Amino acid sequence: MDRLFGYGVTTKIVAMMKECLHEKKLVIIAGTSGSGKGTIVDLILSSDVLGASKIPLYTTRNLKSDEVDKDYYHISQKEFDEMRIKNAFFQWQQFPDRCYGISTSDMFNTINKSSYSLIDTGIGATLDLIRVFKEYSLPLASFFIIPIPFEEIMICGGIEKAINIIRKRILKRGRGETSADLQGRLDTARMWFSQIHQLPFTFIENSEGKQHDAFQAIIKALRNN
């Protein structure tokens, strides 16, 4: 799918970000549909261990039946374009049918009030953010949630094993995806799994029924970093 993206990063914002992130951590949680990423993010946010908060996203797409306002700021295309023109987004991306953005002010507000600030967005946007943070030497921890061990994905038949688990999870959660929606999500997951050895993440296994183990693995990794 065609995608445009951009940033509102300036020298001043980079300097302010470095100051804000002193003794704090920005954390990216990525994963395909059906990876259990959302459940793990909820575990992190509900735990007092990290004192974490989530940086909200802006989007122009319609609210889904299982979403609540805390997940996104739903705005019109006109409002999105106005924010982009005013350079209000730290990072934004535009698809043919929807747009997403992370407000610079929201990033600063969340980082200032929290020890750990989570970014939970699409994998493509996540990779863009990792590149930007690396370019400006900004501290960042990035995790990718996978349904089976990394080593199993890498062996012959491993990708399809992971895809089968993803398929069962998407169907089980019952969000009413059409056959075309389901196939699109599986094709996207297959694409990311096929290049997993090149992705700049710490990989966290979230096998069936062991979300708490994945959560604990992230906690341990953050504390040791």
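How many of the 5 residues of strand 7 are buried? The count is 5 of the 5, so strand 7 is largely enclosed by the rest of the structure. Here "buried" stands for under 20% relative accessible area, "exposed" for over 50% and "partly exposed" for the range in between, with a 1.4 Å probe and protein chains only.

A word on the ground rules. This is a predicted model, in which local features need pLDDT of at least 70 and side-chain atom pairs count only at pLDDT 80 or more, while totals for chains, interfaces and linings use all residues. Residues are numbered from 1 along each chain as its sequence is written, and side-chain values use heavy atoms, with hydrogens and water left out. Helices (H or I, at least four residues) and strands (E, at least two) are DSSP runs, numbered from the N terminus.

| Strands | Sense | Bridges | Residues opposite each other |
|---|---|---|---|
| Strand 4 (57–59) and strand 7 | antiparallel | 2 bridges | Thr-59 and Tyr-100 |
| Strand 6 (89–94) and strand 7 | antiparallel | 5 bridges | Gln-94 and Cys-99 |

Elsewhere, 5 strands make an open sheet with parallel pairing, in the order 3-8-2-9-10. Strand 3 (52–54) and strand 10 (202–205) are at the edges with a single partner strand each, so one side of each lacks a neighbour in the sheet. On average, neighbouring strands of this sheet are turned by 30° against each other, direction ignored. Angles run from 0 to 180 degrees between N-to-C directions, and axes are lines fitted to C-alpha atoms, for helices over the stretch in contact. Helix 9 (211–224) lies across strands 2, 8, 9 and 10, running at about 160° to strand 9.

A nonpolar core is a set of buried Ala, Val, Leu, Ile, Met, Phe, Trp, Tyr and Cys residues joined through side-chain atoms within 4.5 Å. The largest one has 43 residues, and Phe-90, Met-107, Phe-144 and Phe-193 have the most contacts inside it. Helix 5 gives this core its largest share, 6 residues. A second, separate core has 18 residues, among them Ile-40, Ile-44, Phe-143 and Ile-219.

Contact means heavy atoms within 4.5 Å. Beyond residues up to four places away in sequence, Phe-193 touches several others, including Phe-144, Ile-159, Ala-162, Ile-163 and Ile-166. Phe-193 in helix 8 is also part of the meeting with helix 7, where Ile-159, Ala-162 and Ile-163 are among the residues involved. The axes of helix 7 and helix 8 come within 10 Å and cross at roughly 145°.

**A buried serine**

Ser-114 sits in the loop between helix 4 (104–113) and strand 8 (116–119). Ser-114 counts as buried because its relative accessibility is 2%. Its side chain makes a polar contact with the side chain of Ser-53 at 2.6 Å. Such a contact is a pair of N or O atoms within 3.5 Å; within protein, one must be able to donate a hydrogen and the other to accept it, and residues adjacent in sequence count only if both atoms are side-chain atoms. Leaving aside residues up to four places away in sequence, Ser-114 touches Lys-24, Gly-51, Ala-52 and Ser-53.

Note on methods:
Pairing = 2+ DSSP bridges.
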